[in-house]
Amino acid sequence: MMFGEYLTLGATAASLAMDAFSVSICIGLCHERLRLREALILGAAFGFFQFFMPLLGGEIAEHLSGFFDIWTPWIAAALIIWVAVNMIKEARDCENGGKSCMSVTFKSVAVLALATSLDALAVGFSIESTGGSALTLAVLAGIITLSLSIFGALVGKRLGSTFGKKAEYLGGGVLLAIAAKIIFDAL
């Protein structure tokens with residue numbers, strides 16, 4: 001593989017990581033007390049899904065071509081909207097004496113990791129269909145996403161402690177904006 005191909009795959013992997021990076025910032029925003037362990041869990045989950053999904057897309061490249069092109073953005077947007085609405089609801093509940101902002105639970109992290117990696121499934125499918133290497137993309141996407149997600153969660157935490165509880169509303173709004181962009185791009 002030539003240097004230019006690695007560069008192209010690296011840029012593709014970095015662009016795939018941007019949704020996970022943005023979501024990690026949002027999670028950090030609403031967690032003043034986010035621990036390094038939780039940031040590592042976020043990074044590992046997002047990185048794993050960004051690694052696994054291009055491989056899965058490459059494996060099924062010859063079977064379901066139309067499905068990925070049509071439905072992937074809509075599924076990803078729906079999952080992100082669901083998380084954003086829950087984040088905003090929990091922020092409102094917190095103001096009314098309820099529990100704190102969205103917890104870093106297995107369920108919430110898994111849903112977000114899946115939602116932010118569906119585009120990687122489609123890209124893995126496309127790359128493999130055109131003779132590229134889904135494995136190389138998967139490795140680069142996993143490493144870049146892991147790193148950016150940990151960094152994003154920790155930066156978001158720092159910003160969240162500055163903005164207080166309003167940061168959770170901001171995080172939910174940013175997630176809604178990400179979902180809107182996904183929908184807009186799909187149209």
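## Aromatic rings, a pocket and a core

Phe48, Phe49 and Phe52 are linked into a cluster by ring pairs. Please keep in mind that this is a predicted model.

- Phe48 and Phe52 make a stacked aromatic pair, with 5.9 Å from centre to centre and 10 degrees between the planes.
- Both Phe48 and Phe52 belong to helix 2, which covers residues 36-59. They sit 4 residues apart, about one turn of the helix.
- Phe48 is partly exposed, because its relative accessibility of 47% falls between the 20% and 50% limits.
- Phe52 also counts as partly exposed, at 36% relative accessibility.

- Searching the whole structure gives 3 aromatic pairs.
- One of them joins Phe21 and Phe151: the ring centres are 6.4 Å apart and the planes meet at 5 degrees, so this pair is stacked.
- Phe21 lies in helix 1 (residues 3-29) and Phe151 in helix 5 (residues 134-163), so the pair ties together parts that are 130 residues apart in sequence.
- Are these two partners buried or exposed? Phe21 is buried, with a relative accessible area of 18%, whereas Phe151 is partly exposed at 49% relative accessibility.

**The largest pocket**

- The largest pocket holds about 450 Å³ of space.
- It is lined by 20 residues, and the closest to its centre are Asp19, Pro73, Asp119, Ile182 and Asp185.
- Which elements give two or more residues to this lining? They are helix 1, helix 3 (65-95), helix 4 (106-129) and helix 6 (166-186).
- Sorted by class, the lining has 12 nonpolar, 3 polar and 5 charged residues.

**The largest nonpolar core**

- The largest nonpolar core contains 36 residues, and Val23, Phe46, Ile80 and Leu175 have the most contacts inside it.
- Helix 1, helix 2, helix 3, helix 4, helix 5 and helix 6 each give two or more residues to this core.
- Helix 4 supplies the largest share of the core, with 9 residues.

Methods. Residues numbered from 1 in each chain as written. Predicted model: local features only at pLDDT ≥ 70, side-chain atom pairs only at ≥ 80, totals over all residues. Heavy atoms only, no water. Phe/Tyr/Trp six-rings, centres within 6.5 Å; stacked < 30°, edge-to-face > 60°. Buried < 20%, exposed > 50% of the residue type's maximum accessible area, 1.4 Å probe, protein only. 1 Å grid on protein atoms, 1.4 Å probe; cavity = no way out; pocket = protein on both sides within 12 Å on 5 of 7 lines; lining within 4 Å. Points joined across faces, edges and corners; volume = space filled by probe spheres on them. Nonpolar A, V, L, I, M, F, W, Y, C, P; charged D, E, K, R; others polar. Core = buried A, V, L, I, M, F, W, Y, C linked by side-chain atoms within 4.5 Å.
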